[in-house]
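Subject: Structure handover

Hello,

Here is the structure I promised you. Please open it alongside this email and follow along.

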Amino acid sequence: LEIFVNILNMNDNSPVFEQTNLTKVVPEDTKVNATIVARQDLSTSDADLDIIFYELTTLVPDTDGYFAIKGVNNPEIYLQKALDYEKFNLTTLVLYARDRPVDSTDTTNTATATINIFIEQADTKPPWFLPCTFINMDKSICISSPYTGRVNISEMSTEPLILEPGPIYAIDPDYTLNEKIVYSIVGGDTDKVFSVDADTGNLTMNKVATSLDSYLLQVMAAQVNNKQKYSVVSVEIKVINKSDYPPYFESGIYNGTVFVGLAPRSFVFQAGNLSAPLMITAVDDDFPNV
């Protein structure tokens, strides 16, 4: 008597990842759709020879949507959305491998692999002149205000000019890189009256200004490692007559008279002369005829 016995394969083995813990460093400027972890680095085996179904999740809040797998049966991880180092610089992904579909009612065996992703800041932003004001919620764009200063006509200043709202200064907003910045005047100084220190940004005079016209300089801050990463700011220098004397009031004390019940914005009259409004005046000996 011949007896044929067929052995039925039971689903009694779990998928096995060759690597259960991986670490990847991803540059911030990595292109969307680029492969982050190759399929062979996430390969699994199953002694039951089942088809493996994959699912990718993230453990770090607000970092979902950036990384995805190519398909339910293809664990290759790719970049799905552009990275921003200012938003996050690391995340942890968990890749699930199952021997049944996610919605299956059959007994399912599962394995997991952990992928640690570190974002490496890239040189993506041009210099910012300070102070500046952020114009968007993620603080990726900062707009600076023009600088202003004054010089006396026909007078040579040997010290760096005092500017508002402060000295010329720019930073590399890719702060972990902090590339060196150099300054130069790129417009508005046809007579070469001014110079800017390439390293410090200090603005000085080469010669006297001979006209009361203002100078509207264009100062550029550029990265040494990449001159295409630059910003330009306006610097208005007003040329004025030299002021030797401070203004002063013509009288040390002014006396006035008001009446009870007067409406707001009514005149205050001179004490003893109710027909003449009280006037407080100041003079400046630098302008005797004004």
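A pocket, on a 1 Å grid over the protein atoms alone, is an open set of points with protein on both sides within 12 Å along at least five of seven lines. Its lining residues have an atom within 4 Å of a point. Grid points are joined across faces, edges and corners, and a volume is the space filled by probe spheres set on the points; the probe is 1.4 Å.

This is a predicted model, where local features need pLDDT of at least 70, side-chain atom pairs count only at pLDDT 80 or more, and totals for chains, interfaces and linings use all residues. Residues are numbered from 1 along each chain as its sequence is written, and side-chain values use heavy atoms, without hydrogens or water.

**The pocket**

The largest pocket has a volume of about 160 Å³. Among its lining residues are Arg 150, Pro 160 and Ile 240. Strand S13 (residues 147–152) gives the largest share of that lining, three residues. Strands are DSSP runs (E, at least two residues), numbered from the N terminus. By class, the lining has five nonpolar, three polar and one charged residues. Here Ala, Val, Leu, Ile, Met, Phe, Trp, Tyr, Cys and Pro count as nonpolar, Asp, Glu, Lys and Arg as charged, and the others, Gly among them, as polar.

**Buried or exposed**

Buried means under 20% relative accessible area, exposed over 50%, and partly exposed in between (1.4 Å probe, protein chains only). Asp 174 is in the loop between strand S15 (170–171) and strand S16 (181–187). Asp 174 counts as buried because its relative accessibility is 0%. Its C-alpha is 8.5 Å from that of Pro 126, 48 residues apart in sequence. Gln 121 is buried too, at 7%. Phe 259 has 42% relative accessibility, so it counts as partly exposed.

**Backbone**

Most residues other than glycine have a negative phi, and most peptide bonds are trans. Glu 164 is joined to Pro 165, with omega about 0 degrees.

Asn 33 has a positive phi, near 80 degrees. It sits in the loop between strand S2 (21–27) and strand S3 (35–37). Leu 49 has a positive phi of about 60 degrees. At 77% relative accessibility, Leu 49 counts as exposed.

Best wishes

Technical notes:
Helix = DSSP H or I, 4+ residues; strand = E, 2+ residues; numbered from the N terminus.
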